[in-house]
Amino acid sequence: PAPAPAPTAWPYLVASAAIHVAYFGLVAAAYRAGDMGLTYPIMRGGAPLVVALVGGPMIGEALSLSAWLGIFMICGGVLALAIGHRSAAAKPGLDPVGLALLNALVIAAYTIIDGIGSRLAGHAGTYVLWLFALNAPAMLVWAIVARPRGLLLAPARRRWWIGIFGGAASTLTYILALWAMGYAPVATVAALRETSIVFAALLAVVLLGERLGLARALAAGLVALGAIALRLA
């Protein structure tokens, strides 16, 4: 079993586990209200900017001009990927953009909390494993309450291997992100994480046959330039 984190990290673990439940709930609501191509870039592109503006002063991390430029370029490129997508509202009264912006704040909150908590824990891997162990029961309760039993169990039986693969990938990638936050500013790592959207766009072209288009290509290029600026910061 993973060793227990340092006692000073436990308040951050508990707070993050609770916030992650809100995060997944808002993700589901945003996807029901609008297209993934609209909501996902807004959620992921807005969060690093909030982390840089709020988290820097809280943690006491000062960013260079090049780092700020890189963060703005990455966030701008990611948000640009949402331009041109129309909302496909599933229920009247739901605002996909509002839900996505709200979730961007939630993502920024748990990013800052986990950036501090993992440093206090002494080891990013230990922190993430305990975080997911705390988060799993809370998510299961939320799923049981939010979904009828048939809608919860049937997909789990048919696609259990997807859940295992996704869970393992999520755990590993978050360990790497928090490990990086131990050596680099939290805002920088948070922005670099969102370059994954570029890879997602490219995979959609290769595997799903989607058109890249000039606007998406320029947005992806802006994200890449932002990553280069952060590397040189």
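How far apart are the end C-alpha atoms of helix α3 (residues 65-80)? Select α3 and look: they are 22 Å apart, which agrees with the 22 Å that its 16 residues should span at 1.5 Å a residue. The expected span is 1.5 Å times one less than the number of residues. Helices (H or I, at least four residues) are DSSP runs, numbered from the N terminus.

This is a predicted model, where local features need pLDDT of at least 70, side-chain atom pairs count only at pLDDT 80 or more, and totals for chains, interfaces and linings use all residues. Residues are numbered from 1 along each chain as its sequence is written, and side-chain values use heavy atoms, leaving out hydrogens and water.

Next, select T39. It lies in helix α2 (residues 36-59). T39 counts as buried because its relative accessibility is 0%. Now show its contacts (heavy atoms within 4.5 Å). Beyond neighbours within four places in sequence, T39 touches A30, Y31, G34, P96 and A100.

Move to I164, in helix α7 (residues 160-181). I164 counts as exposed (over 50%), because its relative accessibility is 53%.

Last, colour by pLDDT, the predictor's confidence in each residue, from 0 to 100. The protein's mean is 84, and 90% of its residues reach 70 or more. Confidence is highest in helix α4 (residues 96-121), at a mean of 92, and lowest in helix α6 (residues 149-158), at 68. Where pLDDT is low, the predicted coordinates should not be read in detail.

Technical notes. Helices (H or I, at least four residues) and strands (E, at least two) are DSSP runs, numbered from the N terminus. Buried means under 20% relative accessible area, exposed over 50%, partly exposed in between (1.4 Å probe, protein chains only).
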